[in-house]
Amino acid sequence: MYHHVKKLMYTVTIGDPDPKFGKMLLEQFGGANGELAAAMQYSIQGFNCEDAARKDLLMDIGTEELSHLEIVGALIRMHLKPMKDGREAAEADPLVSIAGGGGVALFDSMGNAWTADYLKVTGDLAVDLRSNIAAEARAKIVYERLISLTQDQGSKQALQFLMTREITHMRAFTAALDSMEKPQFAVGIIQPTPGLVDQFFNGSTGESQYGETDFKGPWNSGNGMHTVQSEIKDGEGLDVTPYNPKPGTETTSPVDSTPVGEWTNGVGKKQKALHEARKKTQQKMLPSKSDLQIAKPVATERPRTRVFSIRTSPSPVPACSLMLTEE
Ligand code: MN
Ligand code: MN
């Protein structure tokens, strides 16, 4: 059930409207990494989620993203206002001014219509959580760029609030994935082919115009990986020995989403028993614990006493006239 609360999650105030900046802000309204895309992605993943705890997380954050959409919408509306009646302002975007009457609509900053194609919903909880971590990183960097493109303090502060929340979400999704207790590279229910999975294929040959050849790094040597040279360079090539897929061999979590039929593993009783029996031997094949560590966010000190004062803001929007300030 959804219930609308009139007050914005964050009170928006701006100085002089900047229609061109308002148009840029549409990227976070109806764009690929925008707030509607985030709200829909997490909510629909939540509708699919069989695990009550992580469903709650997805619905909480999905709902917060809708609140962000409302904040961005308020900010854009203020910046676009001159497009309602000013010829010069209207020239910033005829789509917004003539077709849209100078208001917000579900388009990105280039006038592309919002589409469900932006959403990443796979039906696999662990995979979806990884998509969400990446989505939050993209949203963060878009906000950062928007912040750098305005001098308006009120706009900068609102964007700082929204940007910060994306990192909070990123931490929550990371912790949720971590809490599923799957090894870092365990995806799905079929283990990758042993040997082949450790081979990094050197797919580039020759020398660049700057004399660069091949680089070595932890991605192709170390971390259990080693480089395999291409046949074109008289190398041995990848190990292409046929290997039969074995469902139920990958390490799963009790809260993994349930694949169908014979592929059932996470909560399918027969496969689960098989999985439990194999788990011990598999553990020996897995990378060491230190290889699997996900960087833990550093906890920041918060003041012990927090005083909140309520003051009215000079917002032109009556519905958002209350602002909570931490002092
Ligand atoms: Mn958001
Ligand atoms: Mn977010």
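What is the handedness of the crossing of H3 and H4? The crossing is left-handed. In such a crossing the near helix is turned anticlockwise from the far one by less than a right angle; clockwise would be right-handed.

## The model and its fold

This is a predicted model, where local features need pLDDT of at least 70, side-chain atom pairs count only at pLDDT 80 or more, and totals for chains, interfaces and linings use all residues. Residues are numbered from 1 along each chain as its sequence is written, while chains are lettered from A and ligands numbered from 1 in the order in which they are written.

The protein chain has ten helices and four strands. These are DSSP runs numbered from the N terminus: helices are H or I with at least four residues, strands E with at least two. Starting at the N terminus, the order is α-α-α-α-α-α-α-α-β-β-α-α-β-β. Of the 327 residues in the protein chain, 28% are buried. Buried means 20 or more other C-beta atoms within 10 Å of the residue's own, exposed means 12 or fewer, and partly exposed is in between, with C-beta atoms placed from the backbone. Among contacts between residues at least 6 apart in sequence, 70% join residues at least 24 apart. A contact needs C-beta atoms, placed from the backbone, within 7 Å.

## Two helix pairs

Two packed helices are described by the angle between their axes and the distance between the axes. Helix H3 (residues 35–48) and helix H4 (residues 52–80) have axes that come within 8 Å and cross at roughly 160°. That makes H3 roughly antiparallel to H4. Axes are lines fitted to C-alpha atoms, for helices over the stretch in contact, and angles run from 0 to 180 degrees between N-to-C directions. Angles under 35 degrees count as roughly parallel, over 145 as roughly antiparallel, 65 to 115 as roughly perpendicular and the rest as oblique. On the H3 side, the contact includes Leu36, Ala39 and Tyr42. On the H4 side, it includes Leu58, Leu66 and Val72. By class, this contact of H3 with H4 has ten nonpolar, five polar and three charged residues. Here Ala, Val, Leu, Ile, Met, Phe, Trp, Tyr, Cys and Pro count as nonpolar, Asp, Glu, Lys and Arg as charged, and the others, Gly among them, as polar.

The axes of H7 and H8 come within 9 Å and also cross at roughly 160°. H7 is therefore roughly antiparallel to H8. Their crossing is left-handed. The contact of H7 with H8 has 16 nonpolar, four polar and six charged residues.

## The nonpolar core

The largest nonpolar core has 46 residues. Such a core is a set of buried Ala, Val, Leu, Ile, Met, Phe, Trp, Tyr and Cys residues joined through C-beta atoms within 7 Å. Helix H1 (19–25), H3, H4, helix H7 (125–148) and H8 each supply at least two residues of this core. H4 gives the largest share, eleven residues.

Ile71 is among the residues with the most contacts inside the core. Ile71 touches Leu8, Met9, Tyr10, Val12, Ala158 and Leu162, not counting residues up to four places away in sequence.

Gly34 sits in the loop between helix H2 (27–30) and H3. Gly34 is buried, with 26 other C-beta atoms within 10 Å. Gly34 and Arg138 are 104 residues apart in sequence, yet 9.2 Å apart in space, C-alpha to C-alpha.

Most residues other than glycine have a negative phi. Glu181 has a positive phi, near 55°. Asp234 has a positive phi of about 60°. Asp234 is exposed, with 8 C-beta neighbours inside 10 Å.

How values were computed. Contact = placed C-beta atoms within 7 Å.
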